[in-house]
Amino acid sequence: TPDERVLEAAIDAMTTNETLFFRDQTPFDHLRKIVLEPARRKGGTVRIWSAACSTGQEPYSIAMLWDEMAHHLPGVRLEIMATDYSNACLAKARAGIYSAFEVQRGLPVQKLMKHFEPDGPNWRVKDSLRQSITWRRHNLLDNPAAMGRFDVIFCRNVLIYFDRPTRGKVFDNLNSQLKDDGYLILGASENVMGVTERFKGDAGAPGLFVKAGLPAPLPRAVGA
């Protein structure tokens with residue numbers, strides 16, 4: 001509707017949509033050392049939700065990390081659900097076409113050559129990297145039940161745009177979709193303190209959170 005288009009344009013104008021490949025390396029180190037390494041003992045499917053995925057660099061970075069580790073994880077599959085409220089951001093993410101400037105931000109040349117192909121002056125993500133990613137428009141304040149539950153939820157650098165009650169509502173929604181042995185990964189400047197009691201942090205893994213009131217999901221391997 002016209003009102004929805006106006007609202008979406010206003011939100012796009014208020015948010016920066018600033019992102020880059022492998023932004024803030026620490027969350028990807030957590031994913032590699034804490035989540036995916038123990039996945040060897042679990043088998044099955046690892047489901048990851050990239051909430052507020054912006055123009056797609058985060059889910060593509062997760063897929064590239066998985067590609068590096070897949071030979072260590074026989075019998076384990078990856079499913080990435082990538083969501084954003086902005087149709088414009090999702091369109092760019094689905095297209096997977098990035099400028100030379102964009103791919104130079106955080107993306108090592110080895111990964112560029114392996115997972116991208118030239119497209120005029122730009123670079124296009126190869127189909128092989130897209131296979132594990134599903135794109136969907138989603139408002140973080142809406143009920144996420146239809147997407148199922150996840151082993152890992154990335155929700156980085158978006159909660160800073162919300163007031164405290166709204167952040168609490170988002171945390172409620174994320175908690176409902178995170179498996180009891182799952183992990184929530186927030187941005188470097190984000191925390192749950194004073195906002196929700198549904199999650200607790202780990203002093204040895206900044207930015208990594210688990211459900212409160214439950215034992216640690218998996219053996220810690222930070223620095224391993």
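Colleague: What covers the buried residues of helix 4?

Modeller: The cover includes helix 3, strand 2 (76–84), strand 3 (97–98) and strand 6 (133–137). Buried means under 20% relative accessible area, exposed over 50%, and partly exposed in between, with a 1.4 Å probe and protein chains only. Covering is judged by contact, which is heavy atoms within 4.5 Å. Helices (H or I, at least four residues) and strands (E, at least two) are DSSP runs numbered from the N terminus.

Colleague: What kind of model is this, and how are residues numbered?

Modeller: This is a predicted model, where local features need pLDDT of at least 70, side-chain atom pairs count only at pLDDT 80 or more, and totals for chains, interfaces and linings use all residues. Residues are numbered from 1 along each chain as its sequence is written, and side-chain values use heavy atoms, with hydrogens and water left out.

Colleague: Back to helix 4. Which of its residues are buried?

Modeller: Cys89, Leu90 and Ala93. Viewed down the helix axis they fall within an arc of 95°, so they line one face of helix 4. The arc is taken over the directions from the helix axis to the C-beta atoms.

Colleague: What caps the N-terminal end?

Modeller: Serine 86 does, with a side-chain oxygen 3.3 Å from the backbone nitrogen of alanine 88.

Colleague: Is phenylalanine 22 buried or exposed?

Modeller: Buried, at a relative accessible area of 11%. Alanine 52 is partly exposed at 22%.

Colleague: Changing topic: how many salt bridges are there in the whole structure?

Modeller: The search finds 13. A salt bridge here is a side-chain nitrogen of Lys or Arg within 4 Å of a carboxyl oxygen of Asp or Glu.

Colleague: What does glutamate 68 pair with?

Modeller: Lysine 111, with the closest N and O atoms 2.7 Å apart. That pair links distant parts of the chain, glutamate 68 being in helix 3 and lysine 111 in helix 6 (residues 109–115), 43 residues apart. Glutamate 68 is partly exposed at 29% relative accessibility, while lysine 111 is buried at 19%. Arg32, Glu68 and Lys111 are linked in a network of salt bridges.

Colleague: And which residue does aspartate 172 bridge to?

Modeller: Arginine 198, with the closest N and O atoms at 2.6 Å. Aspartate 172 is in helix 8 (residues 164–177) and arginine 198 in the loop between strand 8 (178–186) and strand 9 (199–201), 26 residues apart. Aspartate 172 is partly exposed at 33%, and arginine 198 is partly exposed at 40%.

Colleague: Last topic. Which residues touch the most other members of the largest nonpolar core?

Modeller: Phe21, Leu31, Tyr60 and Phe116, out of 41 residues. Helix 3 (residues 57–69) supplies the largest share, 7 residues. A separate second core of 20 residues includes Leu178, Leu184, Val192 and Phe199. A nonpolar core is a set of buried Ala, Val, Leu, Ile, Met, Phe, Trp, Tyr and Cys residues joined through side-chain atoms within 4.5 Å.

Key: Polar contact = N/O pair within 3.5 Å; in protein donor to acceptor, adjacent residues only side chain to side chain.
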